[in-house]
Amino acid sequence: MGDCYTREPYMNNHATSEGTRKYAARFAGRTAEGHFRAIPDPEAPRSEKPDANRGLAFSSLGIGTYLGEPDEATDRAYTDAVIAAVESGFNVVDSAINYRFQRSERSIGAALVELGKRGYAREEILLCTKAGFLTPDGAMPANPGAFFEKEFVESGILRKEDIAAGCHAMAPRYLADQLDRSLRNLGVGCVDVFYIHNPETQLSEISLGDFLARISAAFLWLESAVTAGKIRSYGMATWSGFRVPPSSREHLSLGAIESVAREIAGDAHHFRYVQLPVNLGMTEALTLPNQDFNGEQVTMVQAAEALNVQLIASAALLQGRVARGLPAFIAEAVGLENDLQRALQFARSLPGITSALVGMRKAEHVRANARLFDSPLMSEDQFAKLFSRGEGA
């Protein structure tokens, strides 16, 4: 397969069934059943069910790289944290080009180089990133408006009418530009999941019909990026879109969006993932029936299962707000040593969630959170006890 951590662009290494199962086997005897989940490979038939002996193996928790200052100290800390994560049983690594002005992706790229030296292959790691927000390079420019005008509009990458809310775009030429930058930042030729970042931002300015037309153009390009070997799958990383009632202007319909992908590529489409906040303070994915499926209102978890879309939970700790001071009934239902562990245990144990993301900037935090991996996942009885006392915290 060659050097999977080369800095030469467009080498087509990516996570594989064999590689991720090899990674899971590294932790045999050190992680409880259920920590690694089998997900069908993107090229497998959509009817194929998860199988522990084939398909991609995702860790129950992944490392996020959102917060932090755009400085060299934080760059180094994230690199160390990603290395510690992969060495501790996290093989899902999540970023976005706008995180810390592209610096988080570069920190991950540096970590991948070091991990390659330590014997971890690119094929073992699920590498995910996002594009959508207008992003400077390395630091905020003195005049952001002038920078974006020159960088994206005058260059012909974007038209002014492509930009929503002054900060967001998902036109194909822009997504192509951002993906190429991300590949260079990460030092890889292919990412496993490429998300359109917070697409509901567009709905503040355009109609639903125009929104779906823009999604269609984006998905058509994304399918071509799969064919080109630059991405393996694509999806949407959202904040509010899948958590609000259908009456909300920001509401997103998973069925309508999946239909767009199906119109473009049929049953072989690669729209495979949705990322949305799910934590003890945000349980809408499980409790709010806001998705129309076959004429019935169902929850996001139910709709995703029916449409063979994997759900990735973001904000597992809600930026620390559910990591302390939880009601006593949560401790009674979940157990464990402290509220931080209970919040992570909740997020990673939820039925219908493939992996839950937690932001970690320090290697010691990574190793502390990894101690959870030898604990069994929450049982049905524990969930029943928890939800009988209220919907989350």
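In this predicted model, helix H2 packs against helix H3, which spans residues 103-117, at an angle of about 45°, and the two axes lie 8 Å apart. That angle makes H2 oblique to H3. The crossing of the pair is right-handed.

On the H2 side of this contact are Glu-72, Asp-75, Tyr-78, Thr-79, Val-82, Ile-83, Val-86 and Glu-87. They meet Arg-103, Ser-104, Ser-107, Ile-108, Ala-110, Ala-111, Glu-114 and Leu-115 in H3. Sorted by class, the contact of H2 with H3 holds eight nonpolar, three polar and five charged residues.

H2 also packs with helix H12, here at an angle of about 20° and with the axes 8 Å apart. Angles under 35 degrees count as roughly parallel, and H2 and H12 are therefore roughly parallel to each other. H2 and H12 cross in a right-handed sense.

The residues of H2 that take part in the contact with H12 are Asp-80, Ala-81, Ala-84, Ala-85 and Ser-88. Their partners in H12 are Ala-363, Val-366, Arg-367 and Ala-370. Six residues of this contact are nonpolar, one is polar and two are charged.

The volume of the largest pocket is about 950 Å³. It is lined by 38 residues, and those closest to its centre are Tyr-66, Leu-67, Ala-315, Gln-319 and Gly-359. By class, the lining comprises 18 nonpolar, 14 polar and six charged residues.

Another helix pair is formed by H5 and H6. Helix H5 covers residues 172-186 and helix H6 covers residues 208-227; their angle is about 40° and their axes are 9 Å apart. H5 is thus oblique to H6. The crossing in which H5 passes H6 is right-handed.

Which residues of H5 meet H6? They are Pro-172, Leu-175, Ala-176 and Leu-179, and on the H6 side they meet Ala-217, Ala-218, Trp-221 and Ala-225. The contact of H5 with H6 has eight nonpolar residues, with no polar and no charged ones.

Terms used. Residues are numbered from 1 along each chain as its sequence is written. This is a predicted model: local features need pLDDT of at least 70, side-chain atom pairs count only at pLDDT 80 or more; totals for chains, interfaces and linings use all residues. Side-chain values use heavy atoms; hydrogens and water are left out. Axes are lines fitted to C-alpha atoms, for helices over the stretch in contact, and angles run from 0 to 180 degrees between N-to-C directions. Helices (H or I, at least four residues) and strands (E, at least two) are DSSP runs, numbered from the N terminus. Angles under 35 degrees count as roughly parallel, over 145 as roughly antiparallel, 65 to 115 as roughly perpendicular and the rest as oblique. A crossing is left-handed if the near helix is turned anticlockwise from the far one by less than a right angle, and right-handed if clockwise. Contact means heavy atoms within 4.5 Å. Ala, Val, Leu, Ile, Met, Phe, Trp, Tyr, Cys and Pro count as nonpolar, Asp, Glu, Lys and Arg as charged, and the others, Gly among them, as polar. On a 1 Å grid over the protein atoms alone, a cavity is a set of points where a 1.4 Å probe fits but cannot get out, and a pocket is an open set with protein on both sides within 12 Å along at least five of seven lines; lining residues have an atom within 4 Å of a point. Grid points are joined across faces, edges and corners, and a volume is the space filled by probe spheres set on the points.
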